[in-house]
Amino acid sequence: MIYQPATQPTLYFIGVTTAKSSIMPVFPKWAAHLGLERAVIKGMDFPVHADPVSYREAVAFIKRDPLSLGALVTTHKIDLYAAAKDLFDDIDSYAGLMHETSCLSKQDGKLVCHAKDPISAGLTLDNFLPQDHFAKTGAEMFSIGAGGSTIAHTWHLAQKSRGANRPSRIVVADRDQGRLDEIQAIHKTFALDVPVDYVKVADAHGNDAILAKLKPRALVINATGLGKDAPGSPLTDAARFPERAIVWELNYRGDLVFLDQAKRQQAERHLNIENGWTYFIHGWTQVIAEVFHIDIPTRGPGFDALSRIAADAAKA
């Protein structure tokens with residue numbers, strides 16, 4: 001790919017199908033609201049598990065180009081970090097711990113690698129989970145997909161500072177044994193003391209089988225990207241959610257089959273369903289704050305205003 005030098009302060013979006021994202025119409029509205037004069041956003045699309053050379057080329061371009069101020073990384077968080085780690089001048093503690101990056105920024109001429117998912121995931125989870133949910137219910141957590149999002153969610157929910165308000169058991173499923181081995185190694189660096197099962201599944205039927213054995217009120221997360229980055233769902237239509245489960249679809253756009261599967265069972269199984277919109281808002285505002293070196297509230301009237309602007313822009 002040939003990269004042209006930026007002529008305006010530019011934030012890049014490194015993803016798979018970036019032109020379809022709601023951030024494209026939302027960012028100009030946010031930039032105007034936040035006083036980010038002349039700032040623009042540009043997408044960089046790569047296939048899932050792209051050639052490491054292509055990740056390095058993108059990072060090297062951002063590093064050397066003065067008006068390329070940084071990037072949000074989705075889908076490629078682990079692969080890009082592995083490919084370009086030596087190009088970063090500084091790596092924040094979360095990125096070093098989790099071996100991933102969701103944000104690139106520049107500080108005093110240095111290219112800094114950040115992992116913002118632990119923050120945005122924590123803000124989102126604490127917003128929709130009932131107070132002391134795990135302490136009161138003994139519920140389990142099932143995260144489908146062993147990528148960067150699951151690393152962030154499990155880290156947040158398994159913090160010792162949460163005391164009894166942690167999942168009684170965590171199950172992580174993936175089709176890729178390498179991903180499972182990697183997240184297991186990262187969990188060891190956390191000194192994670194919540195029981196975790198790492199399950200390699202061949203297909204959606206394997207996820208169905210795990211789902212069927214969960215206790216009531218489990219937290220079930222689609223962290224695979226299916227529905228957005230690729231078609232389909234990690235479950236079959238025959239899957240049965242646990243009674244009173246909390247179901248979180250991380251995606252907010254695309255053919256959200258997983259979300260539709262949950263909605264069809266919502267009344268019968270008394271499900272609490274959350275989509276990925278609030279996660280989207282937190283994820284992007286955390287990165288924008290870092291890249292442009294501004295303060296953005298995470299709650300209250302200021303955050304509510306940004307949420308309204310985003311909702312209106314996405315509908316236009």
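Visitor: Is Lys77 buried or exposed, and which of the two is Asp117?

Guide: Both Lys77 and Asp117 are buried, where buried means under 20% relative accessible area, exposed over 50%, and partly exposed in between, with a 1.4 Å probe and protein chains only. The model is predicted: local features need pLDDT of at least 70, side-chain atom pairs count only at pLDDT 80 or more, and totals for chains, interfaces and linings use all residues. Residues are numbered from 1 along each chain as its sequence is written, and side-chain values use heavy atoms, with hydrogens and water left out.

Lys77 and Asp117 form a salt bridge, with their closest N and O atoms 2.4 Å apart. A salt bridge here is a side-chain nitrogen of Lys or Arg within 4 Å of a carboxyl oxygen of Asp or Glu. This pair links distant parts of the chain, since Lys77 is in helix 3 (residues 77-84) and Asp117 in helix 5 (residues 117-128), 40 residues apart. Helices (H or I, at least four residues) and strands (E, at least two) are DSSP runs, numbered from the N terminus.

His76 is in the loop between strand 3 (68-73) and helix 3. His76 is buried, at 0% relative accessibility. A polar atom of the His76 side chain lies 2.8 Å from the backbone oxygen of Gly15. A polar contact is a pair of N or O atoms within 3.5 Å; within protein, one must be able to donate a hydrogen and the other to accept it, and residues adjacent in sequence count only if both atoms are side-chain atoms. Leaving out residues up to four places away in sequence, His76 touches Ile14, Gly15, Val16, Phe46, Pro47, Val48, Tyr55 and Tyr81; contact means heavy atoms within 4.5 Å.

Phe88 is buried, with a relative accessible area of 8%. Under the same exclusion of residues up to four places away, the partners of Phe88 include Tyr81, Leu80 and Leu111. Tyr81 is also among the residues that His76 touches.

Leu111 leads on to Lys106, which touches Leu111 as well as Ile62, Lys63, Asp65, Pro66, Ser68, Leu69 and His293, again not counting residues up to four places away. Lys106 is in strand 5 (residues 103-107). The Lys106 side chain does reach the backbone oxygen of Ile62, at 2.6 Å.

His293, one of the residues that Lys106 touches, follows helix 11 and has a positive phi, near 55°. Helix 11 (residues 277-292) has 16 residues and reaches 22 Å from its first C-alpha to its last, close to the 22 Å expected; the expected span is 1.5 Å times one less than the number of residues. Of its 16 residues, 14 are buried, so helix 11 is largely enclosed by the rest of the structure.

For comparison, there are 12 salt bridges by the rule above. One of them joins Asp193 and Arg166 (2.8 Å, N to O). Asp193 is in the loop between helix 8 (177-190) and strand 9 (196-200), and Arg166 in the loop between helix 7 (148-157) and strand 8 (170-174), so the pair ties together parts 27 residues apart in sequence. Asp193 is partly exposed, with a relative accessible area of 44%, whereas Arg166 is buried, at 17%.

As for the whole, the chain has 12 helices and 12 strands. Its radius of gyration is 19 Å, close to the 20 Å that the globule rule gives for 316 residues, so the chain is as compact as a globular protein of that length. The radius is taken over C-alpha atoms, and the globule rule is 2.2 Å times the number of residues to the power 0.38. Of the 316 residues, 55% count as buried.
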